[in-house]
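Subject: Structure for you to look over

Dear colleague,

I am handing over the structure below, and I would be grateful if you could look through it alongside these notes.

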Amino acid sequence: MIHGCVMSKDEYTTIRIPKELSKELDGLIGTRGFRSKAEIVKEALRHLLLQYARMPLFQHFNLDEIDEHGVKVLDYQLNRIVDVFVKPEGIRCAYCDANDCVHVQHLLTVPSIKDVIRKRRKDGWDLPEV
Ligand SMILES: [Zn+2]
């Protein structure tokens, strides 16, 4: 059980972790100012949460060259790469088979993609106004 001394018992929760991992934490006690396993776990979780908060839900690449291969969007929730095609007949997500899914919506907020879409719209492509 991991406890602090100031907060009441109700403000804590117990999380079970593998013994092996716990032993590794034992090795860190007394280093880097850590006095307990709870401190190490709290520090580790704060780092993780901070990292996640900074990480966008999606990441796109090959955005300068929208071609027949489309734009690849890395979806961290699905943990997979999703292809979004930009064609004269419109924009379409191959994964969702939709033109208004989160992947398309995300791409429509990316400045360099918006530039390309505006240009293609002028060329007569059936793309949303961005
Ligand atoms: Zn999609």
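What follows is a short account of what was found, from the whole chain down to single residues.

This is a predicted model, in which local features need pLDDT of at least 70 and side-chain atom pairs count only at pLDDT 80 or more, while totals for chains, interfaces and linings use all residues. Residues are numbered from 1 along each chain as its sequence is written.

The chain has four helices and four strands, where helices (H or I, at least four residues) and strands (E, at least two) are DSSP runs, numbered from the N terminus. Along the sequence they come in the order α-α-β-β-β-β-α-α. Of the 130 residues, 13% count as buried, that is, with 20 or more other C-beta atoms within 10 Å of their own, C-beta atoms being placed from the backbone.

Strands β2 (residues 71-75) and β3 (residues 80-87) pair in the antiparallel sense over five bridges, pairing being defined as at least two bridges found by DSSP between two strands. Asp75 stands opposite Arg80 in β3, and in the hairpin of β2 and β3, with four residues between the strands, Asn79 takes a positive phi near 55°. β3 also pairs with β4 (residues 90-93), again in the antiparallel sense, over four bridges; here Val86 stands opposite Ile91 in β4, and the hairpin has two residues between its strands.

Helix α4 (residues 111-122) has twelve residues and reaches 17 Å from its first C-alpha to its last, close to the expected 16 Å, which is 1.5 Å times one less than its number of residues. Just after α4, Gly124 takes a positive phi of about 100°.

Notes. Buried ≥ 20, exposed ≤ 12 C-beta atoms within 10 Å, placed from the backbone.
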